[in-house]
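Subject: Structure handover

Hello,

Here is the structure for you to look over. My notes follow below it.

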Amino acid sequence: MSDLEALAPKVISRCREAGVRLVLAEACTGGLMTAALTDVPGASAVVERGFVPYSNESKGEQLGVPLALLQVHGSVSAEAVG
């Protein structure tokens with residue numbers, strides 16, 4: 001079992017206890033985190049949705065990240081995430 005697979009049930013449990021729902025936006029991981037979380041029974045009570053916008057264009061369309069920001073700082077930067 002990978003570290004991610006071991007951690008996923010804990011994340012789901014803690015989110016359920018806190019009454020929060022998750023929306024994930026992943027690019028470099030290609031949806032790996034969302035897949036690990038949704039493999040946990042009962043995850044639908046916590047996981048709202050997941051996005052995998054890989055291209056800069058899709059990051060702008062799906063997440064509203066300005067293309068100019070991505071061009072200046074790169075898509076893997078604190079500025080792009082913030």
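This is a predicted model: local features need pLDDT of at least 70, side-chain atom pairs count only at pLDDT 80 or more; totals for chains, interfaces and linings use all residues.

Residues are numbered from 1 along each chain as its sequence is written, and side-chain values use heavy atoms, with hydrogens and water left out.

Cysteines. Cys 28 counts as exposed because its relative accessibility is 63%. Cys 15 is buried, at 11% relative accessible area. The disulfide count is 0, where a disulfide is a pair of cysteine sulfur atoms within 2.5 Å.

Strands. Helices (H or I, at least four residues) and strands (E, at least two) are DSSP runs, numbered from the N terminus. Strand β1 covers residues 22–25. Leu 22 and Leu 24 point to one face and are buried. Strand β2 (residues 47–51) runs parallel to β1, and 4 bridges join them. Pairing requires at least two DSSP bridges between two strands. Leu 22 stands opposite Val 47 in β2. From β1 the chain crosses through α2 to β2, and this β-α-β crossover is right-handed. That means the path from the first strand over the helix to the second runs clockwise, with the strands pointing away from the viewer.

Salt bridges. The whole structure has 2. The criterion is a side-chain nitrogen of Lys or Arg within 4 Å of a carboxyl oxygen of Asp or Glu. Glu 48 meets Arg 21 at 2.9 Å, N to O. This pair links distant parts of the chain: Glu 48 is in strand β2, and Arg 21 is in the loop between α1 (3–18) and β1, 27 residues apart. Arg 49 also meets Glu 48, at 3.1 Å, N to O. Glu 48 is partly exposed at 38% relative accessibility. Arg 21 is partly exposed at 43%, and Arg 49 is partly exposed at 44%.

One more residue: is Leu 32 buried or exposed? Leu 32 counts as exposed, at 51% relative accessibility. Leu 32 is in helix α2 (residues 32–38).

Best wishes

Key: Buried means under 20% relative accessible area, exposed over 50%, partly exposed in between (1.4 Å probe, protein chains only).
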